[in-house]
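Subject: Structure for your review

Dear colleague,

Please find below the structure that I am handing over to you.

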Amino acid sequence: MLIYAGLTSTLKNLRPPLTEAVVTSMLAPCLVKAWLDDYGRVVSDYEVVETQDEGFSYLFDISAQRLIAAWGLSKGKDVSPRSIIATRMKGHPLTNTVGGKRYHRGHTIPHTMGGRTDINLVPQLGVINSGPFQELERLAVATPGSLYFTYWSYRDARTQRPSGVEQGCLVAGSDPKIVNFQN
C-alpha cells in the first residue's frame, strides 16, 4: 500500500462528492503512475493502453493481453439487467484454462455499479469474488461520487491470471479504504 501513500492527505482536503474533473486532473494520474511503476517492476516490456467504457477507465497491456487496472466514479446502483450481457460473458476470460473451476469471471468494476464485460472481466478466485471482495463494491455502489478501483498484479509476464488485486474505494473527506487479496 506504499504506492498510495499520498492519497490520505489529498482525500481529506477534498469535499464530497468527488467530481470527474478532480479524478481526471488529480487522482487518476497519481494512481496510473503508481500502478505502471509497480507493474514495470515485474514486466519490463509492455505496451499499455488506457481505454474507457460506460464512464470507467481501464489500463490494458496489449503485449500480455491482460488487464492491469480499472477505475471510475460511482454513480450509485446500476439496475441494468444481467441477461443483456450474459452471452458476451460466456467464455471470456477462459477461466477453465487458467485455473479451473476455482476461478470466476470476476468483474473489475462491479456490474451493480455499471461495469460491463469483455475488458472488465478477469480470472478471480471464487472464494474472494463471492465473499470479501463484495464489501468495497457495496460501499462504492452505496456512495455515489466515490472513486472505486482495482489494480491487478502478476507474478510474471506470461500468465493472464492475476496473482493478486488491490481494491479501493476513495471517498472525499475520508481515509482511503484499500484492501489486498491474493488470487
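Predicted model: local features only at pLDDT ≥ 70, side-chain atom pairs only at ≥ 80, totals over all residues.

Six strands form an open sheet in the order β1-β2-β3-β6-β7-β8, and their pairing is antiparallel. At the edges stand β1 (48–53) and β8 (177–182); each has a single partner strand, so one side of each is left without a neighbour in the sheet. From one strand to the next, the twist averages 15°. Within the sheet, β3 and β6 run antiparallel and are joined by five bridges. Trp71 stands opposite Phe149 in β6. Helix α5 (residues 133–142) packs on the sheet, where it touches β6, β7 (164–170) and β8. The direction of α5 makes about 25° with that of β7.

Next comes helix α2. This helix bends by about 45° at Leu27, and the proline Pro29 follows within four residues. Its buried residues include Val23, Leu27, Leu31 and Trp35. The buried residues of α2 pack against α1 (7–12), β2 (56–61), β3 (66–73) and β6 (147–153).

In general, nonpolar side chains tend to be buried together in soluble globular proteins. The largest nonpolar core here has 46 residues, and those touching the most other members are Tyr4, Leu18, Trp35, Trp71, Leu147 and Phe149. Helix α2 (residues 20–40) gives the largest share of this core, seven residues. Leu147 touches, among others, Val23, Leu27 and Leu31, as well as Trp71.

Yours sincerely,
A colleague

Technical notes: Residues numbered from 1 in each chain as written. Heavy atoms only, no water. Core = buried A, V, L, I, M, F, W, Y, C linked by side-chain atoms within 4.5 Å. Buried < 20%, exposed > 50% of the residue type's maximum accessible area, 1.4 Å probe, protein only. Helix = DSSP H or I, 4+ residues; strand = E, 2+ residues; numbered from the N terminus. Contact = heavy atoms within 4.5 Å. Bend = angle between axes of the 7 residues up to and from the residue. Pairing = 2+ DSSP bridges. Axes fitted to C-alpha atoms, helices over the stretch in contact; angles between N-to-C directions. Lists of a residue's contacts leave out its neighbours within four places in sequence.
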